[in-house]
Amino acid sequence: MGNFSKKNTMQSNWGSACSDSDWGFGSDSRFGDDSKFDRHSKFKKPCKVCKSHDDSVCDCNFKAPARQLAAPLNSDCVLVNSVVGSKAVQKVAEATLPFTAFAPAIPAGSTIVSVSVVPNLAGITRNTTIIRDKVVNIGLIPVTITVTFLAPGSTIPATATLTTSLPFQEHTDFPGACPEDTVIEPPLVLEGIFAQPGVPVIGPTGLVTADAILVKIVLRTTITVVRPVIVDKHGGICDVNERRCETTTTPTTNTLPAP
């Protein structure tokens, strides 16, 4: 960089970026009277050069190019999504986990001190299906469960962990919904986590014991069902598929993909 002087910040060892006249010091040393940059010539000087604050020397005319359609439209109708319905719903994921499912296995008869359940909301998988007048939702939520317990006869707490997925399912009544409609569902929101030790469970030998923990997670979301329809210029509406809601004699059967 050059060594700029204190008197003129635009003066350097390599010369000035502005002429003397630009700084108000006299005639322009860079251009003669016949220069195309002369103030009396038909060419205008650039606006806001150096010290000037006068914009009147600029005369800019900008024109945006005309928008060209790739192809002309051949209809005055539009395709829009009609909302069949929207509901706030809750989903419950739960499972009863025996002591033997944890690592290390929790000894039978242990006293449960605390249960920590950490769900992975980003890892939720869900499968949504519409049947006539209902929305069926099935999914899994990954969790890591840490249990602090006191083994029988012990006074020193120990811990055991389990990483698994809790299943959830919900069917929501949606009068007017049809199988070919579309479901819009935002991410699930966590509302509550509950753990209940001492829940009866069938042990490996077939006996019912209380050596298990029930884990429950309550989730909330909003389900919106939409349907594509055609709207003409008079406001008339017609369904894209007028037979979408016809009933069938065979019940809907779906095998949903694994997570």
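# Chat on loops, cysteines and salt bridges

Colleague: Where is Pro-104 found?

Modeller: Pro-104 is found in the loop between strand S3 (78–98) and strand S4 (111–119). Keep in mind that this is a predicted model.

Colleague: And what is the peptide bond from Ala-103 to Pro-104, cis or trans?

Modeller: That bond is cis, and its omega is near -10°. For background, most peptide bonds are trans.

Colleague: Next, Asp-133. What is its phi?

Modeller: The phi of Asp-133 is near 70°, which is a positive value in a residue other than glycine. In general, most residues other than glycine have a negative phi.

Colleague: Where is Asp-133 found?

Modeller: Asp-133 sits in the loop between S5 and strand S6 (134–150). With a relative accessible area of 30%, Asp-133 is partly exposed.

Colleague: What about Ile-131, which strand is it in?

Modeller: Ile-131 belongs to strand S5, residues 125–131. Its relative accessibility is 26%, so Ile-131 counts as partly exposed.

Colleague: What does Ile-131 contact, leaving aside neighbours within four places in sequence?

Modeller: Ile-131 is in contact with Val-136, Ala-177, Pro-179 and Thr-252, once those neighbours are left aside.

Colleague: How many residues apart in sequence are Ile-131 and Glu-180?

Modeller: They are 49 residues apart in sequence, and in space their C-alpha atoms are 8.7 Å apart.

Colleague: Different topic. How many disulfides does the structure hold?

Modeller: The structure holds 0 disulfides. As a reminder, a disulfide is a covalent bond between the sulfur atoms of two cysteines.

Colleague: Are Cys-77 and Cys-238 buried, exposed or partly exposed?

Modeller: Cys-77 is partly exposed, with a relative accessible area of 32%. Cys-238 is partly exposed as well, at 34%.

Colleague: Now Arg-227. Is it buried or exposed?

Modeller: Arg-227 is buried, with a relative accessible area of 15%. The cut-off is under 20%, so Arg-227 falls in the buried class. Arg-227 lies in strand S12, residues 212–231.

Colleague: Which residues does Arg-227 touch?

Modeller: Not counting residues up to four places away in sequence, Arg-227 touches Val-80, Asn-81, Ser-82, Val-84, Gly-176, Ala-177, Cys-178, Asp-181, Asp-239, Arg-244 and Cys-245.

Colleague: Which residues make the nonpolar surface patch?

Modeller: Leu-79, Ile-230 and Val-240 make a nonpolar surface patch of about 260 Å². Val-240 lies in the segment after strand S13 (237–239). At 47% relative accessibility, Val-240 is partly exposed.

Colleague: On to charges. How many salt bridges does the count come to?

Modeller: The count comes to 8 salt bridges. One of them joins Arg-126 and Glu-185, whose closest N and O atoms are 3.0 Å apart. Arg-126 lies in strand S5 and Glu-185 in the loop between strand S8 (182–184) and strand S9 (189–197), so this pair ties together parts that are 59 residues apart in sequence.

Colleague: Is Glu-185 buried or exposed?

Modeller: Glu-185 counts as buried, at 15% relative accessibility. Arg-126 is partly exposed, with a relative accessible area of 28%.

Colleague: What do the side chains of Asp-173 and Lys-134 meet in?

Modeller: They meet in a salt bridge, at 2.5 Å from N to O. Asp-173 is in strand S7 (residues 158–173) and Lys-134 in strand S6, so the pair ties together parts 39 residues apart in sequence. Both residues are partly exposed: Asp-173 has 43% relative accessibility, and Lys-134 has 28%.

Colleague: And Glu-191 and Arg-220, what do their side chains meet in?

Modeller: A salt bridge again, with 2.8 Å from N to O between Glu-191 and Arg-220. Glu-191 lies in strand S9 and Arg-220 in strand S12, so parts that are 29 residues apart in sequence are tied together. Glu-191 is partly exposed at 39% relative accessibility, and Arg-220 is partly exposed at 34%.

Terms used: Residues numbered from 1 in each chain as written. Predicted model: local features only at pLDDT ≥ 70, side-chain atom pairs only at ≥ 80, totals over all residues. Heavy atoms only, no water. Helix = DSSP H or I, 4+ residues; strand = E, 2+ residues; numbered from the N terminus. Buried < 20%, exposed > 50% of the residue type's maximum accessible area, 1.4 Å probe, protein only. Contact = heavy atoms within 4.5 Å. Disulfide = S-S within 2.5 Å. Patch = residues over 30% accessible without salt bridge, like charges linked within 9 Å, V, L, I, M, F, W, Y side chains within 5 Å. Areas by Shrake-Rupley, 256 points an atom, 1.4 Å probe, with all protein chains shown as cover. Salt bridge = Lys/Arg side-chain N within 4 Å of Asp/Glu carboxyl O.
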